[in-house]
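Visitor: I would like to go through the aromatic rings of this model. Please show it first.

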Amino acid sequence: MQVPDKWDMGSKESIHQFIRQYGFASVVSTDLDGSHLPLLLVSSEGEDGTLYGHFARSNSHWKNIVNTKVLCIFNGPHAYISPTCYDSHPAVPTWNYSVVHAKGIIELTDDATTAQVLESTIQQYEPALLQSGGFIPDDYQQKLAKGIVGFKIVIDELQGKQKLGQHRNQSDQQGVVKGLSLSNRTDEKQLLDYMISNNIGLGNK
């Protein structure tokens, strides 16, 4: 992925935080097949980290990619930006977005690790299910476990990109903020929330 310096997400910690927040990824193999899966990141300080997830056993994709390199794409908020938002002219339409690419070798995990990954996934997204006492009975879990294949990806390349108009002048940035704030579209509201939470492209310098 091309990442000009002006749009670089920055530190590894920022990229890791992004993955944890937007953990539903496209996993693409060298034969250009792809699967869309939730992935969990495990990392120690200074490491690129390891991604964990699982395929449905009926998804033949996993059979063809073991011990090969894959690309995982994590998409964050994105939206169309109208040139009418800018004070500067001439201007053209564009698309602002945030995204992370992670690459690494995919390996299958054993049953115990796969079970732990499933529990950790629930813990991240709905921990109350693990505290409700038998919401997912053990025998049902064991039945479901036969239908999945767990895997891990040790990351060896990590890129983060935030193209949020931060390279434009202050009035142009403020115009984009105004345009997004007036929109009723979900994607544009999500993009503005992301910009505000990360203090990027707001024209408040």
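Visitor: Which residues do ring pairs link into a cluster?

Guide: This is a predicted model, in which local features need pLDDT of at least 70, side-chain atom pairs count only at pLDDT 80 or more, and totals for chains, interfaces and linings use all residues. Residues are numbered from 1 along each chain as its sequence is written, and side-chain values use heavy atoms, without hydrogens and water. Rings of Phe, Tyr and Trp (its six-membered ring) pair if their centres lie within 6.5 Å; planes under 30 degrees apart are stacked, over 60 edge-to-face, and the rest tilted. The cluster linked by ring pairs is Phe 18, Tyr 22 and Tyr 194.

Visitor: How many aromatic pairs are there by this rule, and how far apart are the centres of Phe 18 and Tyr 22?

Guide: The count comes to 5 aromatic pairs. Phe 18 and Tyr 22 form a tilted pair, with 45° between the planes and a centre-to-centre distance of 4.9 Å.

Visitor: How many residues apart are Tyr 22 and Tyr 194?

Guide: Their rings form a tilted pair, 6.2 Å centre to centre with 55° between the planes. Tyr 22 is in the loop between α1 (12-21) and β1 (24-28), and Tyr 194 is in helix α7 (residues 186-198). Helices (H or I, at least four residues) and strands (E, at least two) are DSSP runs, numbered from the N terminus. The pair links distant parts of the chain, 172 residues apart.
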